[in-house]
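Student: Could you walk me through how this fold is put together before I go further with it?

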Amino acid sequence: MTDDSSTLLLCARVKPGSEAEFAQWQAGWQTAALAAGAESVEFWPPAPPDQFEWVAVALFASDDALRKWRRGEENCKLVEQVSPLVEGGVVMQLVGQAAVDYSVKHGVTMVIVTEIKPGREADYRAWAERIQK
């Protein structure tokens with residue numbers, strides 16, 4: 001693993017009765033990711049009661065290699081194929097520097113300045129806590 005390596009995290013909650021088909025899909029996704037330049041791919045099965053999803057971690061040599069795979073036709077086709085087997089679709093999340101770089105490039109920051117009327121500080125704190133939940 002180099003300083004330039006990038007990690008992709010994949011999570012999927014397999015529908016009951018679809019485990020065997022998912023296992024076949026998993027092997028195909030892993031093989032395709034490795035053929036497309038992933039340096040390693042690891043899958044972990046669910047571990048109830050804390051984790052109900054299958055989790056994969058794919059390590060790529062660079063952000064560009066990860067981006068090419070993630071947006072590539074082969075990955076998109078495989079994600080589409082597995083959709084009927086999982087609840088809520090497949091979640092893919094960038095990890096580490098790839099996530100930071102994405103946030104810097106695509107993120108938005110909003111600053112809100114509020115003047116609170118004297119004596120209403122407790123009301124404001126209660127409102128702020130309520131909307132952030």
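This is a predicted model: local features need pLDDT of at least 70, side-chain atom pairs count only at pLDDT 80 or more; totals for chains, interfaces and linings use all residues.

Student: What is the strand order in the open sheet?

Tutor: The 4 strands of the open sheet are arranged as β2-β3-β1-β4, and their pairing is antiparallel. Because β2 and β4 each have a single partner strand, they stand at the edges, and one side of each lacks a neighbour in the sheet.

Student: How many bridges join β1 to β3?

Tutor: There are 7 bridges between these two antiparallel strands, and one of the residues to look at is L9, whose bridge partner in β3 is V57.

Student: And which strands does α1 touch?

Tutor: Helix α1 packs on the sheet with contacts to β1, β2, β3 and β4, and its direction makes about 165 degrees with that of β2.

Student: Switching to the helices, at what angle do α1 and α3 cross?

Tutor: The axes of α1 (residues 19-35) and α3 (residues 73-82) cross at roughly 175 degrees and come within 11 Å, which means that α1 is roughly antiparallel to α3. On the α1 side the contact involves F22, W25, G28, W29 and A32, and these meet α3 residues including L78, V79 and V82. By type, the contact residues divide into 7 nonpolar, 3 polar and 1 charged.

Student: Which residues touch the most other members of the largest nonpolar core?

Tutor: Among its 24 residues, those are L8, L10, W25, W29, W69 and V86, while α1 is the element that gives the most to this core, with 5 residues.

Methods: Residues are numbered from 1 along each chain as its sequence is written. Side-chain values use heavy atoms; hydrogens and water are left out. Axes are lines fitted to C-alpha atoms, for helices over the stretch in contact, and angles run from 0 to 180 degrees between N-to-C directions. Angles under 35 degrees count as roughly parallel, over 145 as roughly antiparallel, 65 to 115 as roughly perpendicular and the rest as oblique. Contact means heavy atoms within 4.5 Å. Ala, Val, Leu, Ile, Met, Phe, Trp, Tyr, Cys and Pro count as nonpolar, Asp, Glu, Lys and Arg as charged, and the others, Gly among them, as polar. A nonpolar core is a set of buried Ala, Val, Leu, Ile, Met, Phe, Trp, Tyr and Cys residues joined through side-chain atoms within 4.5 Å. Buried means under 20% relative accessible area, exposed over 50%, partly exposed in between (1.4 Å probe, protein chains only). Two strands pair if DSSP finds at least two bridges between them.
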